[in-house]
Amino acid sequence: MKDLVKRGIPKWAVGLLVAAFILGGGYVAYSQITTAQRRESRRQIQSAKVERQSLPVTISANGSVLAERSANVSPKSSGILKQLLVKEGDRVQEGKILAYMDASNLQGQYTQAQGQLAQAQANLDKIIAGNRPQDIAQAAAQLTNDKAALGSAEATFQQNQQLIRDGALAQRDLITSRAARDQAAAQVRKSQQALDLQKAGSRPEDIATARAQVLTAEGQLQTIEATIDDTKIRAPFSGVVTKKYADPGAFVTPSTAGSSASSAAASILALASTNQISANVAEANIAQIKVGQAVKITADAFPGKTFEGKVIQVAAQSTVTQNVTSFEVKASVADPGNLLRSGMSANVNFNVGTLNNVIVVPTVAIVRQDGASGVQVMGGEKGSRRPEFRPITTSISTDDGKTVVLSGLKEGERVLTSFPQGDRPQSRTPSFLPGMGGGGRGGGGSTGSAGGGTRQR
């Protein structure tokens, strides 16, 4: 710089020359950096091939986890809770004893009923067995004695008749002897009948009466036994204990299975069976729901986890909430880990069919340009290397980021899925036409189709 000044070049010219040199060097460096960035951006541009696929059609609905069966467990009769064998959260099998009621006041009745049954049974056995040989022999001996007495009375009467003819006996004595003879004859007949009865055994009517008395006693005993057995509170079905209402020593009363928690406070506990899913399906989609269809269930409490199930019931009557008509659909759910809890929110996807051999593109490739939705197609019609915007008609979008294309693309073409920085056209916006895809600015996320929640998975 000093040499230039010595040569007579003004200082301002020298400064200008230096500034020009610095600016020129900076421009060259900037150009090189910009060129490198553009090349790097072009290398990062991604594309995807237009394909044909078969996609399962699903209908999505919001729902909740509900118990298939629920009941407030209580005794048949009011009383004192003696022992509780389970706690909240325990899983029990049908018929398992959950609690014992105090049955001390029933023991005396049970003993009395047992005695009455034993007495009635003994009487029946006696009547069926008939008379003992000793009783028959005693009746026969009595008959023999009575016959002997009759013979003696008959002989006395015969003698008196002879005496009365001889005039040696008063008429009164003859009458007396005749009466004694007739009385002895009547006693013989009575003894003979008694012996016949002893030999004949019991009458059918007596046996029937005795049997009826036994049945009555058995019924009384069974009633007491059933009352005592009712003090053992058993699980009406397999399930989980969801609520405990009473502790040992509390006075509990019968309650209905569907009573609320507040009105069931005098019960023992609440029991819920296997969970199921209850979802409300829009009226426009209910015709596609059938019993036995496969469903996939997700719960807000377990993000990323999917549960399998099947439709088990479709409501015959609709429900209207805020002027929206829907139908309740119930589905079973496979939950081997017992993760789901009653009341959890869930999302249900019903598998209702398949779209066969349809053209699909990544949803992120769909952009908005010149008032139309479309994609940037690699190559264009004239084979140019520059991408060409092409309007398309879309249908439904899938949960895995793909959209069905009805027209505008051919199988095998490639579309841009990423753009150089600053070069991306406006993303597609919500469409007001049925069948047109929609989305917000910035990438066109997965959307549902017009029609109340029908989607692809």
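Ile297 touches Ile277, Lys305, Thr306, Phe307, Ser332, Val333, Ala346, Asn347 and Val348, leaving aside residues up to four places away in sequence; contact here means heavy atoms within 4.5 Å. The model is a predicted one, in which local features need pLDDT of at least 70 and side-chain atom pairs count only at pLDDT 80 or more, while totals for chains, interfaces and linings use all residues. Residues are numbered from 1 along each chain as its sequence is written, and side-chain values use heavy atoms, with hydrogens and water left out.

**Nonpolar cores**

Ile297, Ile289 and Phe350 are the residues with the most contacts inside the largest nonpolar core, which has 22 residues. At least two residues of this core come from each of β2 (51-67), β11 (275-282), β12 (294-299), β13 (306-314), β15 (324-333) and β16 (345-362). Strand β15 gives the most to this core, with four residues. Apart from it lies another core, of 18 residues, including Val92, Met101, Ala235 and Leu271. A nonpolar core is a set of buried Ala, Val, Leu, Ile, Met, Phe, Trp, Tyr and Cys residues joined through side-chain atoms within 4.5 Å. Buried means under 20% relative accessible area, exposed means over 50%, and partly exposed lies in between (1.4 Å probe, protein chains only). Helices (H or I, at least four residues) and strands (E, at least two) are DSSP runs, numbered from the N terminus.

Helix α3 covers residues 107-129, which is 23 residues, and reaches 33 Å from its first C-alpha to its last, close to the expected 33 Å. The expected span is 1.5 Å times one less than the number of residues in the helix. Buried residues in α3 are Ala113, Leu117, Ala120, Leu124 and Ile127. What covers these buried residues includes α6 (204-229).

Helix α4 (residues 133-166) has 34 residues and reaches 50 Å between its first and last C-alpha, close to the 50 Å expected.

**Salt bridges**

A salt bridge is a side-chain nitrogen of Lys or Arg within 4 Å of a carboxyl oxygen of Asp or Glu. By this rule the count comes to 10 salt bridges.

| Pair | N to O distance |
|---|---|
| Glu154 and Arg181 | 3.5 Å |
| Lys244 and Asp247 | 2.7 Å |
| Lys296 and Glu308 | 2.9 Å |

The salt bridge between Glu154 and Arg181 links distant parts of the chain: Glu154 is in helix α4 and Arg181 is in helix α5 (residues 171-200), 27 residues apart. Glu154 is partly exposed, at 27% relative accessibility.

Lys244 is partly exposed, with a relative accessible area of 33%, and Asp247 counts as partly exposed at 43%.

The salt bridge between Lys296 and Glu308 also links distant parts of the chain, with Lys296 in strand β12 and Glu308 in strand β13, 12 residues apart. Lys296 is partly exposed at 33% relative accessible area, and Glu308 is partly exposed at 40%. Salt bridges that share partners join Glu154, Arg181 and Asp182 into one network.

**Arg390**

Arg390 is found in strand β19 (residues 388-391). Arg390 is buried, with a relative accessible area of 17%. The side chain of Arg390 makes a polar contact with the side chain of Glu413 at 2.9 Å, and reaches the backbone oxygen of Gly408 at 3.4 Å. A polar contact is a pair of N or O atoms within 3.5 Å; within protein, one must be able to donate a hydrogen and the other to accept it, and residues adjacent in sequence count only if both atoms are side-chain atoms. Not counting residues up to four places away in sequence, Arg390 touches Gly374, Val375, Val377, Gly408, Leu409 and Glu413.

**Positive phi at two asparagines**

Most residues other than glycine have a negative phi. Asn323 has a positive phi, near 65 degrees. Asn323 sits in the loop between β14 (319-321) and β15 and is exposed, with a relative accessible area of 77%. Asn338 has a positive phi of about 55 degrees although it is not a glycine. The place of Asn338 is in the loop between β15 and β16, and at 33% relative accessibility Asn338 counts as partly exposed.
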